[in-house]
Amino acid sequence: MINSIGEVTIEKADFIAAARAEYNKLTELQKLLVDNYDKLTAAEMKLAVLKSAATGDVYKKTGDYLENLGTPTEFYRWRMDGDWSCKK
């Protein structure tokens, strides 16, 4: 199963998790016979990096959007009850 991982993408997260689950089911003696365990750990590490980058993109896009909005002007004021109202 580990050899079937191939190129690591976010779309393969479930497959990589399944490979980890299958490995974890093995006995300690069986684990010693797995000669490609390093491929599984490398895939898990690369997947973590990809997920981290994807999450960072969301925060960057949100930050850029908020920055482009600018700051509120005197046209709007914040009321104590939490509603925005328009000054006249």
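1. In this predicted model, K25 and E22 form a salt bridge, with 3.1 Å between the closest N and O atoms. The two residues sit three positions apart in helix α1, so about one helical turn separates them. How accessible are the partners? K25 is exposed, at 62% relative accessible area, while E22 is partly exposed, at 38%.

2. How many salt bridges does the structure hold? There are three. Another one pairs K31 with E28, and here the closest N and O atoms are 3.6 Å apart. Both residues belong to helix α2, which covers residues 28-33, and they too are three residues, or about one turn, apart. Is K31 buried or exposed? K31 is buried, with a relative accessible area of 18%, a value under the 20% limit for that class. E28, by contrast, is exposed at 58%.

3. It is worth looking at what surrounds K31. Beyond residues up to four places away in sequence, K31 touches Y23, N24 and L26. Y23 is itself one of the buried residues of α1.

4. The salt bridge I would look at next is R20 with E44, where the closest N and O atoms come to 2.7 Å. R20 lies in helix α1 (residues 13-25) and E44 in helix α3 (residues 37-69), so this pair ties together parts that are 24 residues apart in sequence. R20 counts as buried, at 19% relative accessibility; E44 counts as partly exposed, at 24%. The cut-off for buried is under 20%, so please read these two labels together with their percentages.

5. Now for α1 as a helix. Its 13 residues should span 18 Å at 1.5 Å a residue, and the end C-alpha atoms are 19 Å apart, which agrees. Which residues of α1 are buried? They are A13, I16, A19, R20 and Y23. These residues cover an arc of only 125° around the axis, so they are on the same side of α1. D14 and K25 are exposed on the other side of the helix. That places R20, the partner of E44, among the buried residues of α1, and K25, the partner of E22, on the other side.

6. Nonpolar side chains tend to be buried together in soluble globular proteins. Here the largest nonpolar core has 10 residues: I2, I5, V8, A13, I16, A19, Y23, L40, A43 and L47. Helices α1 and α3 each supply at least two of its residues, and α1 gives the most, with four.

7. N36 lies between α2 and α3, and it is buried, with a relative accessible area of 12%. Which residues does N36 contact, leaving aside its neighbours within four places in sequence? N36 is in contact with I2 and N3.

8. Finally, some values for the chain as a whole. The protein chain has three helices and two strands, following the pattern α-α-α-β-β along the sequence. Of its 88 residues, 16% count as buried. The chain exposes about 7,300 Å², and carbon and sulfur atoms supply 58% of that area. Among contacts with a separation of 6 or more, 42% come from residues 24 or more positions apart.

Terms used
Residues are numbered from 1 along each chain as its sequence is written. This is a predicted model: local features need pLDDT of at least 70, side-chain atom pairs count only at pLDDT 80 or more; totals for chains, interfaces and linings use all residues. Side-chain values use heavy atoms; hydrogens and water are left out. Buried means under 20% relative accessible area, exposed over 50%, partly exposed in between (1.4 Å probe, protein chains only). Contact means heavy atoms within 4.5 Å. Accessible areas come from the Shrake-Rupley method with a 1.4 Å probe; for residues, only the protein chains shown count as cover. A salt bridge is a side-chain nitrogen of Lys or Arg within 4 Å of a carboxyl oxygen of Asp or Glu. The expected span of a helix is 1.5 Å times one less than its number of residues. The arc is that of the directions from the helix axis to the C-beta atoms. A nonpolar core is a set of buried Ala, Val, Leu, Ile, Met, Phe, Trp, Tyr and Cys residues joined through side-chain atoms within 4.5 Å.
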